[in-house]
Amino acid sequence: MLSSVCNKSNFFSCLDCDKNLVAKRLWEYFPDDMMIVRITEKNHNIVEAIKPLRSTKLNNNSISVGKPLKNLLTSPLGEELIIICARCVEDEAPVNFEVTSDCFGIGSDQHSFELLILPIMNQPGVVTHLLSIALSPGVNNVTQIAKYSEQDLERLVEERTAELVATNLHLTYLATHDGLTETYNRRYLLDLANTEFKRAARYGLSLCVMMLDIDHFKTINDEQGHAAGDHMLKTLAHAMRSTVRDWDLVGRYGGDEFIIILPETDIQGAQAIAERLSNTLQGARVSVSIGIATLELNDRCIDDLINRADHLLLNAKRNGRNRIECTSFALTA
């Protein structure tokens, strides 16, 4: 039907309207000849874009962009097509235009076809363009279009849903994790820790909190630069995640201080995890001081354990660093 080619892939970008979704998807994917007609004034429409899949000439002339729509067919069919388009604009609804004429013939064969014309609206809801699809005879084209549109829209919904889920997951990750170390951030870690505290207190379970930081971290930053400090923080975070169990909670408390929440773990189990972590870090030439607090009967909130672990961490610093300080006794790493 249309022998000149002008594919405007971004044509619909200026027509941000939900009503144009079907037309947009048909233009992009439907396997039939199509053209977009711009409505300039009453009964005067201009071909603005065409997307043919096969070459067919009309009255020995090629249909091309910029020519009036009425030139598509010989008189009186051309005038009748303009009337059909005007009705589509007025009703804001698709219309069919059936034609049987030798003007679309290839050679001397008579050719029957059908034009499905759909209105395209701008954002205020005014019809400014028409999408015309040339459909082959002998096929239930309306059913074909409806089925295609439904399937395509279902696929589009699935794609958009998957994109939305992925975006939400990414945003959730950004909201709950530290950007540098990829451990939990302080706010989210404390929320999780508070939940574990309530569970342990309710069911009489053991619970330990481990607080640690890098020895002489300020000196490392001052002498080697912040890039070296960042690398050390990442090394520590990786070692913690690879050492703890799947259900333990690792988070950055602030600066070079980290907290590990150890559910259903007594002081001996927490001490064993701390020793493995310290040994792993020494292999990476990173020295840490660690304080470990365990749940006690008079504890009222998770802050009680965190404060005790903080004091024990300070004791490890005062006692020479590279140490593990526990609630009741201390060990040199």
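## Terms and basis of the model

A residue is called buried when its relative accessible area is under 20% and exposed when it is over 50%, with partly exposed in between (1.4 Å probe, protein chains only). The structure is a predicted model, in which local features need pLDDT of at least 70, side-chain atom pairs count only at pLDDT 80 or more, and totals for chains, interfaces and linings use all residues. Residues are numbered from 1 along each chain as its sequence is written, and side-chain values use heavy atoms, with hydrogens and water left out.

## Helix α7

Helices are DSSP runs (H or I, at least four residues), numbered from the N terminus. The buried residues of α7 include I267, A270, I273, A274, L277 and L281.

An α-helix has 3.6 residues a turn, so residues three or four places apart point the same way.

## Helices α4 and α8

The axes of α4 (residues 186–203) and α8 (residues 302–318) come within 9 Å and cross at roughly 110°; these axes are lines fitted to C-alpha atoms over the stretch in contact, and angles run from 0 to 180 degrees between N-to-C directions. The two helices are therefore roughly perpendicular to each other (65 to 115 degrees).

In contact (heavy atoms within 4.5 Å), L190, A193, N194 and F197 of α4 meet I302, L305 and I306 of α8.

Key
Angles under 35 degrees count as roughly parallel, over 145 as roughly antiparallel, 65 to 115 as roughly perpendicular and the rest as oblique.
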